[in-house]
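Me: Please take me through this structure with care, and give the cut-offs as the terms come up.

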Amino acid sequence: MLASLIRNSKHTIVFTGAGMSTESGLPDFRSANSGLWEQEDPSRVASTEALNQNVEQFFRFYRHRVLGVQDCKPHAGHFILADWERKGLIQGVITQNVDGFHTDAGTVNSMELHGTLQKVHCQTCGKVYGNDRYSEEQYYCPCGGTLRPSVVLFGEMLPENTFAKALHEAEKCELFIVLGSSLTVTPANQFPLLAKEQGAKLVIVNREPTLFDHYADLVIHDTDIGVVLAQADQELREDL
Ligand code: APR
C-alpha cells in the first residue's frame, strides 16, 4: 500500500526521527531500555543550562555522540530515500536527526530541523569547525570561546530558514511519510498534523504506537523501517 500511495502522489515528503538511524547503529532516545534518555536526563546534558552550568558533562555527552556518528554510517534505507528523490518519487526529507546521514546518502533536499552533529561552532565568535574538535577533545576556540555542536539544544529555537522551508513543504505535500519518530517533541511533531490538515495522506512507520496514529491513513508498527523501504522500493521498481 505504501508503494501505491507514493506512486499516486505528485508531492511526497518524508519526515524522519531517530528510528531512521537505529539500523545504522545509533541509539534512539525513547525506545525502552536502549533509548538515550533512558540513561541520561536530557535537561542535564542536552540543554542550554547544561552548556552553561555543567559544561564538563555536556562535553562528555556530546563527544560520545560525535564518536557515534563518526563510527556509524547511512544504511540502505537512507540510500533508497536518496534514490527516490533522484527519481522524483519524493521531493525531500524533513529530519529531526543530527547525524547528517540523509545528506551523506545523497538526499539533496534534507531539512535538518534540529541542526547537525557534523559541525561545532564557537559560542563567542561563531566560527564553525568540523566535529573532529570534539573527538580530539578540543572544546575551546582560539578566541577563548566554548565550542558547541551545531545542534538545537533543549530551550533553543529551531533554525528559522529550515523551519520555514519544512513548513512550506508540509503545506503543499499530498503524502507525508513519518519514519521512526515517537512524535513527542514540539514543534517538529506538528508537521505531520499540518500536512494531514491541509489534505495530505499521512503514513506512520514506527515500532511503537505514537499519539498521532489515529490521524494516519496507514500505520506500520510490525516491520522495521529498513524492510519497509526495501519492500516499497522493490514494488516501485517493478513499475519502471
Ligand atoms: N524501525 C521502526 N521504528 C523504529 C526503529 C526501526 N528500525 N528503531 C526505532 N524505532 C522507533 C522507536 O520505537 C521510537 O518510537 O523510532 C522511534 C524513535 O523515537 P524517539 O527515540 O523519541 O526519537 P525522535 O522521535 O526522533 O525524538 C525527537 O527528541 O530528544 C529529542 O532532539 C531529539 O530529535 C530528537 C527528538
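**Domains and ligand**

The protein is divided into domain 1 (1-26 + 74-114 + 156-240) and domain 2 (27-71 + 118-151), with bounds that come from an automatic or database domain assignment. This is a predicted model, in which local features need pLDDT of at least 70 and side-chain atom pairs count only at pLDDT 80 or more, while totals for chains, interfaces and linings use all residues. Residues are numbered from 1 along each chain as its sequence is written, and side-chain values use heavy atoms, with hydrogens and water left out.

Me: Where does the ligand lie relative to domain 1 and domain 2, and why?
Reply: Both domain 1 and domain 2 give residues to the shell around the ligand, and therefore the ligand lies between them.

Me: Which polar side-chain atom lies 2.7 Å from an oxygen atom of the ligand?
Reply: Polar contacts here are pairs of N or O atoms within 3.5 Å; within protein, one must be able to donate a hydrogen and the other to accept it, and residues adjacent in sequence count only if both atoms are side-chain atoms. A side-chain N or O atom of His114 is 2.9 Å from a ligand oxygen atom, and a backbone N or O atom of Gln96 lies 3.3 Å from one. The atom at 2.7 Å belongs to Ser181.
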